Amino acid sequence: MLLGTLVVWEITWRIFKIPLFVVPLPSGILAETWAWRGYLLTHSWVTLYETLAGFALSIAVGTPLAVMLVYSPVLRGALYPLLVVTQAIPKVAIAPVLLLLLGAGEVSKVVIAFLVAFFPVVVNTATGLAATPPELLDLSRSYRASRLKTFIKVRFPMALPFFFSGLKVAVTLSVIGAVVGEFVGSDKGLGYVIVSATSYWKSNLAFAAMLLLSVMAVGLFALVELVERVVCPWYALAREQGEVVEELSVKDLEKVRAAAG
Amino acid sequence: MIELASITKTYRSRQGDPIHAIEDVSLAIKEKEFVSLVGPSGCGKSTLLKLVAGLVTPTRGVVRIRGTEVREPFPDVGIVFQSAVLLPWRTVLDNVLFSIEMLGLRADSYRDRALSLIELAGLAGFERKYPWELSGGMQQRVAICRALVHDPSLLLMDEPFGALDAMTREEMGFELLRLWDERRKTILFVTHSIPEAILLADRVVVMTPRPGRLALVLDVQLPRPRTVEMEFDPRFKDHSDEIRRLIFARRQEPAPARRA
């Protein structure tokens, strides 16, 4: 399907003769990516670092916060509205102010990435922790198990699929956060490349940077999914068990019957 | 063994008005007795179970187990719920051993007992399987094993076969009686089904709702071991009729006579 889109793109250009500096060709983009690979790689590293640092921070801060929200109704009442407010403010709007405060270096980008990523982590993890079946909690209580033991053996593993859902959203948002920061003010990173390339009408290069960003986002997402499969395989496996793999046609049935003799 | 003395349990709803879950219920259950608790929705059956387990405390009255008042969760108990709620990341064996771990005991010393229970429940060969690989009935059997592994003196069952299809349900009832025969315990069995309540138990406790009250305690006159054919025994019918009359009496209260 992707290939189809690219083919249509090339054909449309040739028919309508759209100027190359507005929308470049896929072939052109790929060529440019290769030509500028060193430059693009350096900047990719910067964006990747900012993304990962922001993402890691969102997990480090978001997870304990989620635990606190679930275990303390007082904190929940106090913090939840605050959380919602911070999310309601578009980070794109805060970015310039943050850059003023933290400078145009990598720190400000990490902070923006963190700010966009930590809300899904908190919300999904908290939902997961709260979603423990009450029967299991009753059972644990009847055995007089400590709250810590219940958390480690029941609540936390139960919440893992939700936790990973949150991570998948957070990681893609981290990329966006890092790039937004770079758009606002930076001399490094793929966001910077896009801004500087477009200002020189080098659309091939701009698209090349966008291509790399997409690859980065998809790659990180896939990585989180991979970790999820390793850490909590039961969720995916349970889903798959219920699927019908393929409908058998009458021809297939006859083949099976013939083979059975 | 279990003594409920004038128990009343009232909850407060979100709107602030009181919900009278149970009112003035008194009941005595003997050691190793199989008692079923039957009644329509909202009659407080599940609340009664939680009171016996020590998961909730009564608003008025006292719950005593073997003479001691119950104010905290009572660990010498096994609980089976309507849904098996097994831990999906654990094998059947590890799920059964969950009770042992949560009680703070050493799992190794109970491994053999867990395996023999699993075999007794008809699940030999499934020890290393995961919950999603089992049918509903099989999962519920694992839940029963989990409730029995620490050899509790009391088994509390809250509509354990409610989520199963009718045929599996009947089969599981007899499985339970078979397990009970091997290791006798006191069982408090909550159900919606009048036939199930009569067929399995020594005594049937009938409750009526709003507020939850004890309407009748019935001694089941059928001999043990119980069989499917007993459902056609005239004594079964008598019990069934008596219970039904009680439960549906409220609904069929005659309307006030119309003036001509």
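Colleague: What makes two residues count as in contact here?

Modeller: Their C-beta atoms, placed from the backbone, lie within 7 Å. Keep in mind that this is a predicted model.

Colleague: What covers the buried residues of α5(B)?

Modeller: The cover includes β6 (77-80), α2 (92-96), α3 (98-103), α4 (107-120), β7 (154-158) and α6 (166-182) of chain B.

Colleague: Why is α5(B) called largely enclosed by the rest of the structure?

Modeller: A residue is buried if 20 or more other C-beta atoms lie within 10 Å of its own. In α5(B), 10 of the 13 residues are buried, so the helix is largely enclosed. Among them are Gln139(B), Arg141(B), Val142(B), Cys145(B) and Leu148(B).

Colleague: What is Val96(B) in contact with, leaving aside its neighbours within four places in sequence?

Modeller: Its contacts include Val142(B), Cys145(B) and Arg146(B), along with Ala114(B), Leu117(B) and Ile118(B). Val96(B) is also one of the residues with the most contacts inside the largest nonpolar core, which has 129 residues. In soluble globular proteins, nonpolar side chains tend to be buried together.

Colleague: Which element gives the most to the side of chain B that touches chain A?

Modeller: On that side, 18 residues of chain B are in contact with 19 residues of chain A. α3(B) gives the most, with four residues. By class, the side has 15 nonpolar, two polar and one charged residues.

Terms used. Residues numbered from 1 in each chain as written. Chains lettered and ligands numbered in written order. Predicted model: local features only at pLDDT ≥ 70, side-chain atom pairs only at ≥ 80, totals over all residues. Buried ≥ 20, exposed ≤ 12 C-beta atoms within 10 Å, placed from the backbone. Helix = DSSP H or I, 4+ residues; strand = E, 2+ residues; numbered from the N terminus. Core = buried A, V, L, I, M, F, W, Y, C linked by C-beta atoms within 7 Å. Nonpolar A, V, L, I, M, F, W, Y, C, P; charged D, E, K, R; others polar.
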